[in-house]
Amino acid sequence: MNKEEFVKALKCLNIDISEKQLNDLDIYYKMLIEYNTHTNLTRITEEHEVYLKHFYDSLTLVKAINLNNQTLLDVGTGAGFPGLVLKIVFPNLKVTLVDSLNKRITFLDTVIKTLQLKDVKTMHARAEEYALNNKEKFDIVTSRAVANLNMLSELCIPFVKLGGYFIPMKADAKEEIETSRKAIKTLGGVIKNIINFQLPNDTGIRTLIKIEKVSKTSEKYPRKFAEIKKKPL
Ligand code: SAM
């Protein structure tokens with residue numbers, strides 16, 4: 001997807017991107033490629049692929065929810081997908097980016113400083129540890145390519161405010177959804193909507209699972225990661 005196609009595809013998502021935001025994404029892309037030469041951030045490096053599989057893909061979250069003036073947590077953000085892309089394109093979103101790998105957090109801090117972004121915080125932590133003091137704090141929690149849905153639900157749902165949403169970004173997730181229904185319910189969530197679509201030019205199936213937080217998560221969750229892995233809910 002070249003930049004012209006990117007702008008056009010965003011129009012179909014009802015996103016009108018400004019010149020300044022496009023320029024910020026261009027700087028972000030260049031920093032990603034430069035940093036990636038010495039620190040592993042992404043396998044996708046061709047410009048047209050980054051615009052499609054990282055930038056456009058991150059922005060498809062708008063298919064599930066209105067992002068205006070919300071607080072959003074991105075769990076396992078890596079090089080900033082989807083959280084940092086969402087922050088650039090939706091400047092009034094208050095974003096927290098969590099990752100357990102410090103080198104990725106250092107990269108994100110450099111981008112945030114260079115682009116002078118406000119209301120975006122990075123956190124070097126494991127999600128299950130960060131959750132201990134940050135339960136029920138965020139309107140929206142999202143996560144892409146971090147864990148299977150039942151483990152991911154335990155890492156993410158505790159962070160969501162009552163009435164807020166956990167919206168994992170997945171590829172084909174039919175089986176995962178079925179095996180995670182019990183975990184989602186146990187953690188206080190209810191699946192409200194499952195949004196399936198294709199990335200442009202048939203480059204992959206995507207699924208957004210919109211899970212509403214309808215009751216408080218029990219204090220015993222999230223458990224330690226070893227336990228989550230050994231005995232998934
Ligand atoms: N979300 C990004 C994306 O879609 O490109 C990164 C995906 S990468 C495959 C998974 C990321 O999750 C890594 O950066 C890893 O350090 C982070 N991660 C894995 N488990 C985590 C945990 N329990 N808490 C916080 N970050 C975690």
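Predicted model: local features only at pLDDT ≥ 70, side-chain atom pairs only at ≥ 80, totals over all residues.
Residues are numbered from 1 along each chain as its sequence is written, and side-chain values use heavy atoms, with hydrogens and water left out.

Let me stay with the interior for a moment. A nonpolar core is a set of buried Ala, Val, Leu, Ile, Met, Phe, Trp, Tyr and Cys residues joined through side-chain atoms within 4.5 Å, and buried means under 20% relative accessible area, with exposed over 50% and partly exposed in between, using a 1.4 Å probe and protein chains only. The largest such core has 55 residues, and Phe107 is among those with the most contacts inside it, as are Phe6, Leu25, Tyr28, Phe55, Leu67 and Leu84. Helix H2 gives the most to this core, with seven residues; helices and strands here are DSSP runs, H or I over at least four residues and E over at least two, numbered from the N terminus. A second, separate core of 29 residues includes Phe138, Leu155, Ile184 and Tyr221.

Turning to the sheet, two strands are taken to pair if DSSP finds at least two bridges between them. Seven strands form an open sheet in the order E3-E2-E1-E4-E5-E7-E6, with mixed pairing. Because strand E3 (120-124) and strand E6 (189-198) stand at the edges with a single partner strand each, one side of each is left without a neighbour in the sheet. Strands E4 (138-144) and E5 (160-170) pair in the parallel sense over six bridges, and Arg144 stands opposite Met169 in E5.

As for the helices, axes are lines fitted to C-alpha atoms, for helices over the stretch in contact, and angles run from 0 to 180 degrees between N-to-C directions. Helix H5 (102-115) lies across E2 and E3, running at about 160° to E3, whereas helix H7 (149-156) lies across E1, E4, E5 and E7, at about 145° to E5.

Finally, Ile177, which lies in helix H8 (174-186), counts as buried because its relative accessibility is 5%. Leaving aside neighbours within four places in sequence, Ile177 is in contact with Leu149, Ile191, Ile194, Thr207 and Ile209.

Terms used
Contact = heavy atoms within 4.5 Å.
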